[in-house]
Amino acid sequence: MLRFCASLCLVFCMAFCPASLAFAEDLVYPSHPLTNDNLTPSGPTDNSVTVNSGTIPGSVSGGHSSGSGATGNTVTINGGTVGGNVSGGRSTTDQVTGNTVTINGGLMSGSVYGGYVHGESGFGEANGNRVIFNDGEVKQDVHGGHSGDDPATGNTVSINGGTVRKVAGGYSSGDGEVVNNSVTVSGGTVAEAVFGGQSMGDGAVSGNSVVIRGGSTFVGDGVEGNGYVRGGISHGNGDVTGNTVTLEGGTVQ
């Protein structure tokens, strides 16, 4: 009877419990195998992923969800090469919250996102995610939080070393508001642009900030929309208000 009850409870949980209740995982590469050239846990929440060396042809993610939020995940890159994107948490239809990516070395051929809402709809907020970049190289963009038509709020990026192309604390690819995000550049080299908040659509961009400190080098490439340090920027019709840039040192070329 006890065995029957235990089996019944297990079947019920597997059938009706949400995917977010999946067990958290701790993946370390290269000891952990890849799945279709990617390194991603099976569940969307509270995972830890570490890359120490080697080559990953695809992407690295702390947690991925297509129907629920990706929250509380951490990704640490200490070395090696990642051919695709690196994201602390990513989702197609729900929020990404409280995810962290730390880069201590290595080469990232794609972009780096603390939290990433992707897909055609891009519905889901990106809140309270962060990227800490200490060393290495990112060929594409670094976003603390990336949303679509929903808000990107309270995301942060800290650049302490290495080389990156373009940085945004909060980023909306659609009409989502971009509010209270921040970027601090204390070292390393930024090749193109730094934005506290950036919107590609009509969402408001407000309360975002950039701080540039000693030891950092900002190059800029002179391309329209690049080559700037701005607290906030809209490429659509969104209101841009209350954003700040603070220069405490560094070199601007």
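**Contacts along the chain.** I began with how far apart in sequence the touching residues are. Of the contacts in the protein with a separation of 6 or more, 73% are between residues 24 or more positions apart. I note here that this is a predicted model, and I read every value below with that in mind.

**Make-up.** Next I looked up the secondary structure and found one helix and 28 strands. The protein has 253 residues, and buried residues make up 46% of them.

Strand S14 (residues 126-127) and strand S18 (residues 152-153) run parallel and are joined by two bridges. For a landmark to find by eye, I wrote down that Asn127 stands opposite Thr153 in S18.

**Two tyrosines.** I turned to the rings and found one aromatic pair in the structure. The partners are Tyr113 and Tyr116, with ring centres 4.1 Å apart and planes at 10°, so I logged the pair as stacked. The cut-off I used for stacked is planes under 30 degrees apart.

Are these two residues buried or exposed? Tyr113 has a relative accessible area of 7%, so I count Tyr113 as buried. Tyr116 is at 18%, and Tyr116 is buried too, because the limit for buried is under 20%.

**A charge over a ring.** One more tyrosine went into the notebook. The charged end of Arg230 sits over the ring of Tyr228. I noted the distance to the ring centre as 4.2 Å.

**One aspartate.** Last, I looked up Asp141, which is found in strand S17 (residues 141-147). Its relative accessibility is 15%, so Asp141 counts as buried. What does Asp141 contact, leaving aside its neighbours within four places in sequence? My list reads Ser111, Val112, Arg165 and Lys166.

Key:
Residues are numbered from 1 along each chain as its sequence is written. This is a predicted model: local features need pLDDT of at least 70, side-chain atom pairs count only at pLDDT 80 or more; totals for chains, interfaces and linings use all residues. Side-chain values use heavy atoms; hydrogens and water are left out. Rings of Phe, Tyr and Trp (its six-membered ring) pair if their centres lie within 6.5 Å; planes under 30 degrees apart count as stacked, over 60 as edge-to-face and the rest as tilted. Buried means under 20% relative accessible area, exposed over 50%, partly exposed in between (1.4 Å probe, protein chains only). A charge sits over a ring if NZ of Lys or CZ of Arg is within 6 Å of the ring centre and within 35 degrees of the ring normal. Two strands pair if DSSP finds at least two bridges between them. Helices (H or I, at least four residues) and strands (E, at least two) are DSSP runs, numbered from the N terminus. Contact means heavy atoms within 4.5 Å.
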